[in-house]
Structures are given as C-alpha cells and as structure tokens.
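Please read them alongside the sequence and the coordinates.

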Amino acid sequence: MGDMANNSVAYSGVKNAVKEANHGDFGVTLAELRSLMELRAADAMHKIQECYGDVYGICTKLKTSPNEGLSGNPADIERREAVFGKNFIPPKKPKTFLQLVWEALQDVTLIILEIAAVVSLGLSFYQPPGGNESLCGSVSVGEEEEESEAGWIEGAAILLSVVCVVLVTAFNDWSKEKQFRGLQSRIEQEQKFTVIRGGQVIQIPVADIIVGDIAQVKYGDLLPADGVLIQGNDLKIDESSLTGESDHVKKSLDRDPMMLSGTHVMEGSGRMVVTAVGVNSQTGIIFTLLGAGGDEEEKEKEKKDKKSKKQDGALENRNKAKAQDGAAMEMQPLKSEDGGDGDEKDKKRSNLPKKEKSVLQGKLTKLAVQIGKAGLLMSAITVIILVLYFVIDTFWVQKRPWLAECTPIYIQYFVKFFIIGVTVLVVAVPEGLPLAVTISLAYSVKKMMRDNNLVRHLDACETMGNATAICSDKTGTLTMNRMTVVQAYINEKHYKKIPEPEAIPEKIMAYLVTGISVNCAYTSKILPPEKEGGLPRHVGNKTECALLGLLLDLKRDYQDVRNEIPEENLYKVYTFNSVRKSMSTVLKNSDGSFRIFSKGASEIVLKKCFKILSANGEPKVFRPRDRDDIVKTVIEPMASEGLRTICLAFRDFPAGEPEPEWDNENDIVTGLTCIAVVGIEDPVRPEVPDAIKKCQRAGITVRMVTGDNINTARAIALKCGILNPGEDFLCLEGKDFNRRIRNEKGEIEQERIDKIWPKLRVLARSSPTDKHTLVKGIIDSTVFDQRQVVAVTGDGTNDGPALKKADVGFAMGIAGTDVAKEASDIILTDDNFTSIVKAVMWGRNVYDSISKFLQFQLTVNVVAVIVAFTGACITQDSPLKAVQMLWVNLIMDTLASLALATEPPTEALLLRKPYGRNKPLISRTMMKNILGHAFYQLVVVFTLLFAGEKIFDIDSGRNAPLHAPPSEHYTIVFNTFVMMQLFNEINARKIHGERNVFEGIFNNAIFCTIVLGTFVVQIIIVQFGGKPFSCSELSVEQWLWSIFLGMGTLLWGQLISTIPTSRLKFLKEAGHGTQKEEIPEEELAEDVEEIDHAERELRRGQILWFRGLNRIQTQIRVVNAFRSSLYEGLEKPETRSSIHNFMTHPEFRIEDSEPHIPLIDDTDAEDDAPTKRNSTPPPSPNKNNNAVDSGIHLTTDMNKSATSSSPGSPLHSLETSL
C-alpha cells in the first residue's frame, strides 16, 4: 500500500496530464509509430529529427516521462491499450470441435464408406409389394427372413464405424492443439520484464507492457516490444533473429536508436521508450505474415475506411471485425503500409501452392480409391451374373412370358440382387484403414511426447519416417551451447584435460584466479542449476563463463575475489571489442603500484608478451622463437580441433614510477607476462555422434548449417561424424555458397544448386536466407528420381521461413523463439539432436504399422469378397451371413488396427533406407503374403463349403430350405474363417519377409490382449450366438479342427517367406505416391517448370560419353604436363581456372568434372578452389598449401589439373558440362 501512496503523492502534479491524456488524443498515431519502427539507423534518425525533434519529443507526444515512466494509473493504461494495442500476439483461433469433425469427414475412404452405407440402409427398408409368385417363376433366392430383417444392421454398422473414425480423429487433433496451447501459455506467463512506473523500477509480465512505458534493458534480455533508445551504455544488440546479420549492432542515440522486439541484448544496458507492442511490433508483424493474427487485414481496411471518424470509433469497429472474422483470412499476409508494391508481393505469396499432402496420406488415398474401384467392379459383376442367371433361367429355360402383374416381383428380385452386390462392395472396402491410420498416429504422438518430441502437425510424424536429409543447427542442437575450457597450457605443460589443482604451483594459481575473476565482466557468472541434477546456469558472456568454470574446476571460487575487489574498485577497464580482441583491467594496489590483467585471442595477446611464467612460477624471457614454438605446438593443434584459444597475461607497474598515461592503450597493454593459454570449446553432446551414425545408416544425410566460422564448424562436423576423414565432401561458407549458386545477374539457379547440394555437408557463416535457399534447393531438386524429404532444425525468428519450407520443421523448445515454434511441425522439448532420430524411428514405425494392418486387412477382404462373390453366384446365398461378415470386417478389423498400430518401434527400423515418395505402400513382399495367405484361406473355406459335410459327417448347409435353423456346416466354415484371421494377425506383424513372426510380441500388451479377447468373444458367439449370428454350437472336436486349420496359416506363412520375391515378377505393387507427372502443371510452384526436358535425354548418353571422355581427359593431362613450362604457366593466368571463370562462362563448370576433395584448408576459395580440388595428394600440414609451396609445383599441377590449357576450348566446356 505504501507504494501506492507514494505514487499518488509523486504524481499529484501529473494528475492533470493524465486527465488530459484520457480525453485529449496522443500526439502521435499508431500508424506513424509503426512506419517509424520500420526504418533503420540513419533513416530512422532523420525521421525522428524531422517529425519529433529527438527521442524526448517522442516521449512528450506519448505523454510519458523519460525518467519517471508512466504513472501506472489504470485508466491511463486502459486508454493506451485501446489506442496502441496490447503486448500480446493473438494466437491463431483454435478450430472448433465441429470444424475438426468436418475436416475428418473429407477423407476419401470414409466418403466411399458413407455412400455404400447409405445405399445399403435405404435398400434394407425397401419392401416391394408381394404378388402371385407361382406364376412368376421359381428362382430360389435363399434370403432368409431374419436376413432381410437384419439387412439394416450392415449399413448402420458401417455408419457407426465412420462415426468412430471421425470422432477419434477430431478428438485427437483437438487434444493435441489444447496441449500445445497449454505449453505456450505456460511459457508466456513466466516471462517478466523491468520497467519504470511512477519512478519505481518494477518487474511486470511481458503482456502488460504498453506503449509509452520506459523499459530498462540489460545484457541478456530478449526485447519484448519495439522502442526507441533514451539512454544507453555501450549497447550492442544481436538482431540476427530479425535480419539474419550475425554481427552485433551498436545502438546509440546519435547513430541507431531503434530497438526491435525479438532481438537479444548482447552487451551493455540502457533505457528505451516503448513505441510498438503486440501485432504492431516487428516480431508481431512477422507472426502476422505466418498467419497467426488472422485479423490484421480487416483492421487495416477498417482503418482506411474510418479515417474520417475519431480513432475511438475505428477502434470499436476493429474489435468487431476481429470478433466476426474467423479463420477465413488465416494465411493472408499483412498489407504493407506503403501500398503499391507490397500488395503485388502479397498476391504472389498467397497464390503459392499449399504444403502438399503428406506422403502417407497421398498413398492411402490412392490405395483406397484403387480398392474402391476393384470392389465396385466385383459388385457389378456379381449383380450382372445374378441378373443374367435369373433372366436366363426364368425366360429362357422355363420359357415364361413377362406378365405385367409379375413386374413388381421381378423388381423385388433385382433389388435383392442389388443388395447382394452392395454387400460385396461393403466387404471390399477396408473400413479399418482410416481408423488404423488415426490410431497409429495418435499413439505415436502420445509416445513421442516421452521422447521429447511435441508434435504439432500429425502428419509431420509420419513424414519424418521418409526424411532423406536433415539440415541441423550446430549450437545447442549438436553441441551443448555451453562453452567449456577443455585444454590448457600452464607452467610450460600442455594439458589435454584440465589439470588437478595440485599440479599448478601456488604462485601461478594466484595469478590465474585473480586474473580471471577480476578481468571478466562482473555480469558474467555461473549460477546453481534450476533443476536438481541439471547443469549449472551460465549467465553473461559464454566465453567468460567458460573461464569462470575453469576456476570452479580447479576448486577455486571467483566470488571471493570479486567480494574482495568490488566492481567500483577497478581502476580502469579496457572492455572487449572486436577490434581489440582483448579485454584488460587495471588494479591499483595499496602500495601505489598498478597491476594490469589482460585476456584475449591468443595470437594477439601472445605478440605482446615478453615473458612467460615458468614451471616454478617465476617469469622468464619469452622470445619470438619461443612464441612460434607455442603457436606450432599448442595453439595450432587446439585450433585444428575446433577450440577457441584464449591467452591470459598480466603486467606490473612498480610503485616508484610516475603513473602511466592510461589513455595510451598500446603502451599499457604490452610487455606482458603470459600466465596460460586455454582452449575453449562448445562440446559436442555426448550422444550426438552415435545419433548421426544411426541417421547415416538409415539413409539420411545430415548437413550442418551454422553461423560459426568454417574451421570450428569443420572440427565439430568431424567430431559428430557428419564429415568422415577421407570422404569427398564440401564445406562452404555462406558467401562462397551464394557465389556458386547465382548466375551473372545474381539470380539463384536450380541447376547450380544441384551441382553443390549432394556433396555439401557443412555450410558455415550462413545467413538464414542461405538456409532457406538450401532447403528450397534440395526440395525442388530433380537430381535423384526420389524427391528429397527435408527436415530442418531452427531456433531463431529468422529460421521461420526455412522451417516453414521444410517438409518437417523442428523448433527448439528451450532456446527457440516463439516465431520459430509457430513455424515448426515438431518442437524438441530438450533441444537435442537424438530426439530427431527418435522422431525418425516413430515416423517409420507409423508407416510400417499401417503396412502391417493393410497386409492383414487386405487378406481378409480378398477372401471375403471372393467367398461372397462365388457364394452368391453358385449357391445364390452367401455362406458368410451379413452379421458374421460384420463381426469379421468391422470388429476384428478395428481391433486389429489397434493391435497392429500400437507396435512399439525397434532399432531395426533405422537399418533400412527411407521409402521415399514413390515407393508403394504395398510392396511385392506384402503382395506375395496377401495373395499367398488368401490362397490358403480360400482353399480351406471352399473345401469346407463343398466337402465339409462329408469330412465332418454332418448335414450339408447348402440349399437348406428357408427358415431352417443355422447349420453346423456353415458354422464350421465361419469359425474356421475367423480362426484363420486370428492367426494371420500374428503373421501380419512382419512385412519384410522375416521368419520369426513372434519376435517381440510380448512387448506389445495391447496386441496380446486383443488377440486373446477376440478369441474369447468368438467362442461366445459360436456357442451362444444362436440365430442372430446364424450359428449353432460346435463340439470340442470341431473346435480343435477349426483352430488347427487356423494355425495352418502360421506354417503356410513360413512356406511363403521361403519363396524369393524376386522370382515373382508378375506381382504388382499398389498404393504408389503421387508421381511428378500427375500433379497438374499449375500446381507446381513457378520455379519447378524450369527443368529442361533435354536434360533427361542427355542423361542416357552421358554414361557412354563419360567413358570416352575419361580416357581423353587422362591423355590430355599427360600431354599438358609435358607441354607446360614454368614460363607458359605464369604467362597465361587463365590456366588458373578460377571461380571467376565460372561466372563468365556459364556453359562450363568445373565443379562436377573432376573428383572433389572437400576444401579442407581455409584458404581463399577465390584463387585456388579448383586447384585444391584436383590435386589429389592430401593437403600438406602447412595450411595454405597451394600457391605458397612453390611456384613450379603449382603450374605443372595446374596444367595437369585444368584439363585443357585454355578453359574456353570446346573440349573443355564439353567435358566440364558433364
């Protein structure tokens, strides 16, 4: 309360101002502020001076005090929220349950089922009038009465199955959405930010920040809103999340005062006045483009229409618009303020094709249609045969006339035939299929949560199983994002591990502890872990935290030293910057002497060292020769392992001398004594190399895309196993990559990307645009016959486009920004690469589960259709009654889909290559299994049907009179049929022709329960089902025969798997993915049409060409080596076929003609990339090993490698164009 009182006192003077703010308008509108925030640096400065005078002018117009902040008066806050909006980006409206139900109903299979069911139901209620039957022929159509009474059951049951599927699907989507929103809101509530209100510094939730607030920013903050800097100390901001520029941007009042939401403060501190919040901030605008705030367009329109009215009115209307506007406008991007050209772009953008159907959906839809067609055909044939049989029998054989009064009776017969046809159709369509897919996906998604994958889009889970490429970030995903000191050179020893504290002399230790504690920013510290068993938290500069961590490893505490020497006692600090590459701190000792501690990049600091601490802790002379030794033996080996080397040093200024000139930095920081050199790395997560090995085994290429420099990236890539020694791969830097993929006009060409991406493994110093370009290039590529399926990981706002473009986008749950999460398909809750491998495993498992189910389901269908068809045609009465069919078809299939869809994944899934988009759902092996088992079952069923009465010595069930009680004969047929299905369910567990079908069966409790449960229910149906199920009780012996015949399928399965699939060429596969040709031209995005058809023709000829050319090439090389002399080589610069020549002769490209060797050394690719790539000897230890080594070597080698001495020659261009 006291606080409140103070506020009111402090603010009594400002009361009038506040009142005025409530009534009068602000001196600046939302649109003006928004357009101001879109400017950068000099433009922004210019605009501020022109419109507002300076930042304080903005504060005045926003009615806020730069020092005291807002009053915090609720009325004022409300008013500001009304005019400028809240700091809240509205999430996409969640779809209502009904919408989700409607979406689920769009499935093709379901539509086929719905139609069949409606027809079947309609016909079952059709009762034609009776007539004088004796006149009209005596064709026995063995329809029993309860059959016709039970006719509606079939249709109703199908509809029931459809309802089940739809509800399950909709409920799944709904609960998933809810889960995700829960996670989001939990994250949002935890974020707080420091603002000044009423002169008090307080922390408020980010959502409560309003325009006009004075926010305090400090190192490590993520800015929650846009603002203009009022005062700053050495502020540097990482704007890469918005602009993709990796360099930190200096913010100051005179150069660039614009602070943007979603950017990170990397150095310094300051205050800013908030000018844009929520959807009007820069991050908000990006979110809107991603389609989160679907109602922006409306607002804009409203704004234009209602300009004449007061702002107040416009606001109400806008809110109304917001309320009315549904998800209709979801994806339309915001119109840009400046009208014209923005609109054009937007139109283009909104016309791009939607993300295509997931691989599995595509295949399933096709398969369902194929099965539907087959079923229709069968049912049509059935109807035609029955009609013909009837017509021929009645009018031909019995020679009856067509009597008018008999017409209704004939129609009744035809309707019966039609119903039988529909029954066949219904049997043919796999009802369980949509359910199996849904259950399988839902089950996987639930289980993936445990493996740290939060799946946002169901189909992402299954697409992941087809992934062929993963583009991963380095920091945080492959590495731990915690800098740690791993090697050190102390007291003249190079320690490969951190030494024990006892190994370091006390004197050196004292220098080390004080030097690190004092000469690291006091904002850098290591805090205890948040969770039990977690890692300690690093706050502040990562590199400094690594050094502080070294002290903790050496059992020393930096905090004690800092308590002894607080920050204000530091005499002078030269802060770290990119020019100095070092940081130094001066301490004044009690006796008047000074000591300076310095740390920085080793190559820079070592040059200033004239002494070094020897093994006993005494300084000794350090000559240039010694320095070169250290560089060769310590620093270079560290750097080659991807370590960042830091040198720690100090210098004493004795008390007697006059005080040095502190501003003359170069004289101060020199003549140092070296204490130690340490190697710092961001260690690879221990589980990553193994995970990457699994990916490579599974046929997935892992590429690293990072903003780090190429040496570190390459070293990490080697440690992870992305690069393996001796392999022929490319590591490129962003600018080099860009130069290679663009033509003279600077446009990106797909064929240029195609030359690079198959071998590219590391893309370093890359901007987000490069990442997007690479992903798009790989997806659009037609180099391989399979289209690549690309997964991408990202954490920054700037990764949004790449995540959205990729087939599966993974966002980081811990380090990721909201924009990245919004654009992603799966969120990795632990930021760990191994979770991606788990996702691949689950994805493949989904695919396999569905294939297993199909194998089972289609066997049932094939048998049932043929039995129903032949039965109807031969005995004119289906041996399997409608209700029995229903039990087999619906209940068993639904349960089987549950049983087979919940198989847990095994590591074995990662041993095969991805299926790809064109691989059919039903492989040859599966087709062999389906037809093989169907054959066995048909043989058994027909044997029992036509010879069963003799075998079991019972009455025949065939041609039984109407209303006869259910016969044992048909019951045995039904029972055996069900038993065969039960045992075949076990067979269906393996789809790749494995022998052991029982392997791991007990890991799946659901499966065992269902098989046993079905068995028990079957016993009940047969023994007590009676008339409704057309069953009569069976004896134990008959039961044992049924079970024995059922178990036969297991033995038969072994027999089938002995037949090699390769022999059975006639087997067709079914359920292919959508082929390229089938997609209508206009659906392809613009850039796909550039594929040259001539290229395809060329490929055939290429192989022959290649052999001939290889010979010519070798000969030419030999000739050239002889012909070339030193002089000639130097005189013709063209021989150094440099990359510039690629650019001028687009028709020739050296890239693919010669064998690649990755650019292992970090020399400038401009001059000698081609040389490097051709000279097959491994790079010599001296890094830049080409031109430097020797001129003579170079020219002969050059001529040997540049295939012909003048790159323009036709032969050369011919050979290289291949």
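1. Arg80 counts as buried because its relative accessibility is 1%; buried means under 20% relative accessible area, exposed over 50%, and partly exposed in between (1.4 Å probe, protein chains only). Arg80 belongs to helix 6 (residues 74-84), where helices (H or I, at least four residues) and strands (E, at least two) are DSSP runs, numbered from the N terminus.

2. The model is predicted: local features need pLDDT of at least 70, side-chain atom pairs count only at pLDDT 80 or more, and totals for chains, interfaces and linings use all residues. Residues are numbered from 1 along each chain as its sequence is written, and side-chain values use heavy atoms, with hydrogens and water left out.

3. What surrounds Arg80, leaving out residues up to four places away in sequence? Arg80 touches Phe26, Leu62, Lys63, Leu70, Gly85, Ile210, Val211 and Gly212, contact meaning heavy atoms within 4.5 Å. Phe26 is 54 residues from Arg80 along the chain, and their C-alpha atoms are separated by 9.1 Å. A polar atom of the Arg80 side chain lies 2.9 Å from the backbone oxygen of Lys63.

4. Arg482 is buried yet has no salt bridge, a salt bridge being a side-chain nitrogen of Lys or Arg within 4 Å of a carboxyl oxygen of Asp or Glu. The nearest side chain of opposite charge, Asp682, is 7.7 Å away; Lys and Arg count as positive and Asp and Glu as negative, while His and the chain ends are not counted. The backbone oxygen of Pro536 is 2.6 Å from a polar atom of the Arg482 side chain. Not counting residues up to four places away in sequence, Arg482 touches Leu535, Pro536, His538, Glu681, Asp682 and Pro683.

5. The structure holds 26 salt bridges. In one of them, Lys694 pairs with Glu907, the closest N and O atoms being 3.6 Å apart. This pair links distant parts of the chain, 213 residues apart: Lys694 is in helix 26 (residues 688-697), and Glu907 is in the loop between helix 34 (882-901) and helix 35 (924-952). Glu907 is partly exposed, with a relative accessible area of 43%.

6. Arg752 and Glu744 also meet through their side chains in a salt bridge (3.7 Å, N to O).

7. Leaving aside neighbours within four places in sequence, the contacts of Phe810 include Met464, Leu803, Ile826, Leu828 and Ile836.

8. For the chain as a whole, 52% of the 1218 residues count as buried, and there are 44 helices and 26 strands. Among contacts with a separation of 6 or more, 75% are between residues 24 or more positions apart.

Note on methods
Polar contact = N/O pair within 3.5 Å; in protein donor to acceptor, adjacent residues only side chain to side chain.
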